[in-house]
Amino acid sequence: MIRECTLEDISDGRTYGLNDMVKADTGNCEGCFKCCTGMGTSIVLDPYDVCQIKAALNKSFQELLDQGYIELNMVDGLILPNLKMNSKNRCSFLSDEGRCTIHQYRPGMCRIFPLGRVYDGRGFKYFLQNNQCVKDNRAKIKVKKWIDAKCLGTNQEFVNCWHYFIRDIGEKITGFKKNNRSENINDIAMFILNSFYIPDIASEKLDSDEHIKELYELLLNRIDKAKKIIEDTFA
Ligand code: SF4
Ligand code: SF4
């Protein structure tokens, strides 16, 4: 989800690269699960997040929806999935003991918290979110160690490509709204769901660097193809 605000409003005012040290290390969170509670619809999932959850649980996209793990909502003009809160207003993947049951396969936004991403035109950096994590004596840690992303180079390329792909479609949708082209908006939203979320793109658990890199490359390829299709179909 794209937030329109200044960096100073929501952070210590600094941006961090992969090799910078940042006060983000919560240790093992020591029984806290505050940031897995009451997040509403804010943990929006990208296609990599969904692929790894589907592969880890051996469930289809429809099963994740039907069984209450995820839900669909409008985000910046598109219909995208987000983690669903349960009746206790907790993430559906949180155990009764307050631990993440998909820790190894948790979404990118959970993985980087309390960091966020700030996009500057055609790239991105990380920032430390203010007043979000309740642990106040966090240790310093290198950003790349904290985010713990496998195949880091390809991970960064995918995160960047997906963000700008979605942002550019959002701008297209704004244009369609101005011209009352609601059919185009629905078609584009369904095209994104059908191209990136509903198909079972990864058939195996993403446990090895080889499988993870393959999936990132496949998704990057799909983004390139989708850009062309959108360009040709929704001029
Ligand atoms: S997926 Fe895991 S880390 Fe993310 S909100 Fe749910 S329980 Fe918390
Ligand atoms: S609020 Fe901070 S300490 Fe608590 S679970 Fe989230 S990251 Fe961990």
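This is a predicted model: local features need pLDDT of at least 70, side-chain atom pairs count only at pLDDT 80 or more; totals for chains, interfaces and linings use all residues.
**The core.** Next I looked up the largest nonpolar core, which has 43 residues. Which of them touch the most other members? I wrote down V22, Y48, C51, L115, L215 and Y216. Then I listed the elements that give two or more residues to this core: strands β1 (21-25), β3 (78-83) and β5 (124-128), plus helices α2 (47-57), α5 (143-147), α6 (152-178), α7 (182-197) and α8 (209-233). The largest share is from α2, with 5 residues. I also checked the domains, and the core takes at least three residues from each of domain 1 (7-147) and domain 2 (152-233).

**V22.** Leaving out residues up to four places away in sequence, V22 touches Y16, L115, L128, K140, I141, V143 and W146. L115 is another name from my list of core residues with the most contacts to other members.

**M109.** Last stop was M109, which I found in helix α4 (residues 108-112). Is M109 buried or exposed? I'm calling M109 buried because 21 other C-beta atoms lie within 10 Å, and the cut-off for buried is 20 or more. I also took the C-alpha to C-alpha distance from M109 to K59: 21 Å in space, with the two 50 residues apart in sequence.

Conventions
Residues are numbered from 1 along each chain as its sequence is written. Chains are lettered from A and ligands numbered from 1 in the order in which they are written. Helices (H or I, at least four residues) and strands (E, at least two) are DSSP runs, numbered from the N terminus. A residue is buried if 20 or more other C-beta atoms lie within 10 Å of its own, exposed if 12 or fewer, and partly exposed in between; C-beta atoms are placed from the backbone. A nonpolar core is a set of buried Ala, Val, Leu, Ile, Met, Phe, Trp, Tyr and Cys residues joined through C-beta atoms within 7 Å. Domain bounds come from an automatic or database domain assignment. Two residues are in contact if their C-beta atoms, placed from the backbone, lie within 7 Å.
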